[in-house]
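I opened my notebook for a first look at this one. Here is what I looked up, in the order I got to it.

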Amino acid sequence: MHKLIQLFQLVDSSLPIGGFVYSMGMESAIKSKLLENEEDLKRYLVAYMDQIISFEFPFLEAGYTSANTPQEWDTLTTAYQAMLMNPNLEKSALVLGKNWTRLVFSLYKTDEIDMLKQQLKQQQIPLYYTIVFGMCMSLLKISKTEARSMYLYTGLRDQVTALTRLGIVGPMGGQGLLTYVLEKANKKNNSYKTTPYYSATKSAYIMEIVQLNHHKIYSKLFQN
């Protein structure tokens, strides 16, 4: 029961890491007329989900398995940085990663977490959210499947939250969209086969292209 309550806390939207604020380019997609009706929104969310699975999951699991092997971290973070390509996404990954580690280090006072804190300080590697999320999940004894579920859920939830905040859908409509995409996400997560991080792939390049303009639309609130 304690583990279940812990999972609830770690996926709560009030957790102050910044994902609730930054929509990963949603405003830019709307301004670019990519999202004009419900079907567009569904396709966008499914594409976003697929990109998380094909690109983020391999790095999340690599962070998970390398949590106790600092000698691998530099190679892992360098590969992630090389594949990001989009400076806006890299910036968000660093801000979220920094906030995430600060939060975990303040909430959990275990020997493993304290050791990770010291090792990250010594290594001075970029704190990319996906990678350090996997590291922390490993040391908190949360399974890979649960970690992937948490990552998927928070990513998709924040997309729907952004749609609601922007007035594109109402609260009920947003939850309908979230239910639709979570059903697909659950199936794909349960059938996911571990992929090495060096075989990670991008699957939504149009989404990344519109994200390049995101900083012109939403940078002030993101910085705050």
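**Where α4 meets α7**

I started with two helices: Trp-73, Leu-76, Thr-77 and Tyr-80 in α4 meet Thr-130, Ile-131 and Met-135 in α7. For me, contact means heavy atoms within 4.5 Å. I sorted this contact by class and got five nonpolar, two polar and no charged residues. Ala, Val, Leu, Ile, Met, Phe, Trp, Tyr, Cys and Pro count as nonpolar, Asp, Glu, Lys and Arg as charged, and the others, Gly among them, as polar. I also looked up the packing of α4 and α7 (residues 129-139): the angle is about 140° and the axes are 10 Å apart. Axes are lines fitted to C-alpha atoms, for helices over the stretch in contact, and angles run from 0 to 180 degrees between N-to-C directions. Helices here are DSSP runs (H or I, at least four residues), numbered from the N terminus.

**Ground rules**

I noted that the model is predicted, with local features needing pLDDT of at least 70 and side-chain atom pairs pLDDT 80 or more, while totals for chains, interfaces and linings use all residues. Residues are numbered from 1 along each chain as its sequence is written, and side-chain values use heavy atoms, leaving out hydrogens and water.

**Gln-81**

I stayed in α4 (residues 73-84), where Gln-81 is found. Which residues does Gln-81 contact, leaving aside its neighbours within four places in sequence? I found Glu-90 and Tyr-128. With Tyr-128, the side chains make a polar contact at 3.4 Å (a pair of N or O atoms within 3.5 Å; within protein, one must be able to donate a hydrogen and the other to accept it, and residues adjacent in sequence count only if both atoms are side-chain atoms). Gln-81 counts as partly exposed because its relative accessibility is 39%. Buried means under 20% relative accessible area, exposed over 50%, and partly exposed in between (1.4 Å probe, protein chains only).

**Arg-148**

Next I moved to helix α8 (residues 144-165), which holds Arg-148. Is Arg-148 buried or exposed? It is buried, because its relative accessibility is 6%. Not counting residues up to four places away in sequence, Arg-148 touches Phe-57, Glu-61, Asn-189 and Tyr-192.

**Two loop residues**

I checked phi in the loops. Gln-124, between α6 and α7, has a positive phi near 60° without being glycine, and it counts as exposed at 63%. Lys-141 sits in the loop between α7 and α8. Its phi is positive too, near 65°, and Lys-141 is exposed at 54%.
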